[in-house]
Amino acid sequence: MSIFAERLNRLGTETAFEVLAKAKALEREGREIIHLEIGEPDFDTPENIKEAAIKALKEGYTHYVSAAGILELREAIAEYISESRGIDAEPEEVVVTPGAKPIIFFSILACVNPGEEVMYPNPGFPIYESVINFVGGKPVPIPLKEERDFRMDPEDLVENITEKTKMIILNSPHNPTGGVLESGDLELLADAVKDRDDIIILSDEVYCKILYEGSHVSIASISGMKDKTIILDGFSKTYAMTGWRIGYGVMRRDLAEKITRLMVNSNSCTCAFIQMAGVEALKGPQDSVGRMVNEFKRRRDVIVSGLNGIEGISCRKPKGAFYVFPNVKGLEIDCRELSDFLLNKAGVAVLPGTSFGKYGDGYIRLSYANSVENLEKAIERMSEALEEIQ
Ligand SMILES: Cc1ncc(COP(=O)(O)O)c(C=O)c1O
């Protein structure tokens, strides 16, 4: 008999960390690797945010705090969400967590019973499917289409709604494709679920500030949708704070209480002095965000044109996030083998599209959160290596 609970067999993972480990092993052998596998800004956290954390640490924010989050931070988040999404969010509707990721875990755990259906983008952030399976829910992957610039088709969502549908996960701007939903898409979906009190939308908006065209739209902003939506947002991507571990969810009060109970049972609370740095991130100067986004845009253009110059690869220009998801079907090699080949031969770490679900087959994901110099070098090395197999 195994010491492991049966449910662990249903828990997936994030391949990015496995590829990172392989890349690190090659680096220990003396190889120089360009890291385009991990989804985190390469910029440093802005100085004012670091200073706020140090100040809070010195002021004694070193103890347990409220499980839902320090009131001052929840007020700042409620204010930011109210302004940016055009809704009335209250501090009682906010739950602060160590990173935004636990909001995915807790929301699915809190809402989805075994056998209930959850729709989610595929390719998509692998944690959605992993946690749906973990709780015994029924995954209903919604394929994203390259010809729509990977913008989820709301018709596909509407067609797949059944009486067993419990949750619909949206992610815009989208990881791994950079696809962005438009307000018409969200209106269509909102219309289809407005009379279903038993359906909740998990709207993963963690990349909402990393947008190169237009402005971010949240389904929660549509009339009647606020209480049917869990908005997931955070600090990791917007303020280059991945290692700090802080994020949050905004949802109706009764659900916020349940998610807070999951916090009590798991983390007790999010680190106190980091929450105070979160207040500074939201209330302090925002110019670093604009600078970072401009730089990402420059890099996006470099990597998209570089990839399109390689025979057998074609790459759409994403509207948001910091990933490209080029089609590699023309290379006639399995995308997993291609990723291994690019790592071993070209010293460029990328992820196979299948790391993001079965509909990611035939694609690879590259994060362009790296310098232009490294991106250019990566393209050069990839092209040279690929000449060998063409
Ligand atoms: C789509 C998406 N949602 C959520 C997260 C989690 O963010 P955090 O680092 O704040 O937990 C990520 C991180 O990569 C992501 O890509």
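## A buried phenylalanine

Phe150 has a relative accessibility of 5%, so Phe150 counts as buried. In this predicted model, Phe150 belongs to the loop between strand E4 (138-143) and helix H6 (154-159). Its backbone is worth a look too: phi of Phe150 is near 60°, a positive value in a residue that is not glycine.

Most residues other than glycine have a negative phi. Glu332 also has a positive phi, of about 55°, although it is not a glycine. Is Glu332 buried or exposed? Glu332 is exposed, because its relative accessible area is 75% and exposed means over 50%. You can find Glu332 in the loop between strand E9 (323-324) and helix H11 (335-346).

## Two cis peptide bonds

Most peptide bonds are trans. The bond from Asn122 to Pro123, however, is cis, with omega near 5°. Pro123 sits in the loop between strand E3 (117-122) and helix H5 (126-134).

Asn175 and Pro176 are likewise joined by a cis peptide bond, and here omega is about 15°. Look for Pro176 in the loop between strand E5 (165-171) and helix H7 (183-193).

## Around the ligand

Asn175 turns up again at the ligand: a polar atom of its side chain lies 2.8 Å from a ligand oxygen. For Lys237, a polar side-chain atom is 2.7 Å from an oxygen of the ligand, and an N or O atom in the side chain of Arg245 is 2.7 Å from a ligand oxygen. Taken alone, the ligand exposes 400 Å², and the protein buries 93% of that.

The ligand takes up the space of the largest pocket. How many residues surround the ligand? There are 13, and the closest are Asp204, Tyr207, Ser236, Lys237 and Arg245. This shell divides into 5 nonpolar, 4 polar and 4 charged residues.

Technical notes
Residues are numbered from 1 along each chain as its sequence is written. This is a predicted model: local features need pLDDT of at least 70, side-chain atom pairs count only at pLDDT 80 or more; totals for chains, interfaces and linings use all residues. Side-chain values use heavy atoms; hydrogens and water are left out. A residue is near a molecule or strand if one of its heavy atoms lies within 4 Å of it. A polar contact is a pair of N or O atoms within 3.5 Å; within protein, one must be able to donate a hydrogen and the other to accept it, and residues adjacent in sequence count only if both atoms are side-chain atoms. Accessible areas come from the Shrake-Rupley method with a 1.4 Å probe; for residues, only the protein chains shown count as cover. On a 1 Å grid over the protein atoms alone, a cavity is a set of points where a 1.4 Å probe fits but cannot get out, and a pocket is an open set with protein on both sides within 12 Å along at least five of seven lines; lining residues have an atom within 4 Å of a point. A molecule sits in a cavity or pocket if more than half of its atoms lie within 2 Å of its grid points. Ala, Val, Leu, Ile, Met, Phe, Trp, Tyr, Cys and Pro count as nonpolar, Asp, Glu, Lys and Arg as charged, and the others, Gly among them, as polar. Helices (H or I, at least four residues) and strands (E, at least two) are DSSP runs, numbered from the N terminus. Buried means under 20% relative accessible area, exposed over 50%, partly exposed in between (1.4 Å probe, protein chains only).
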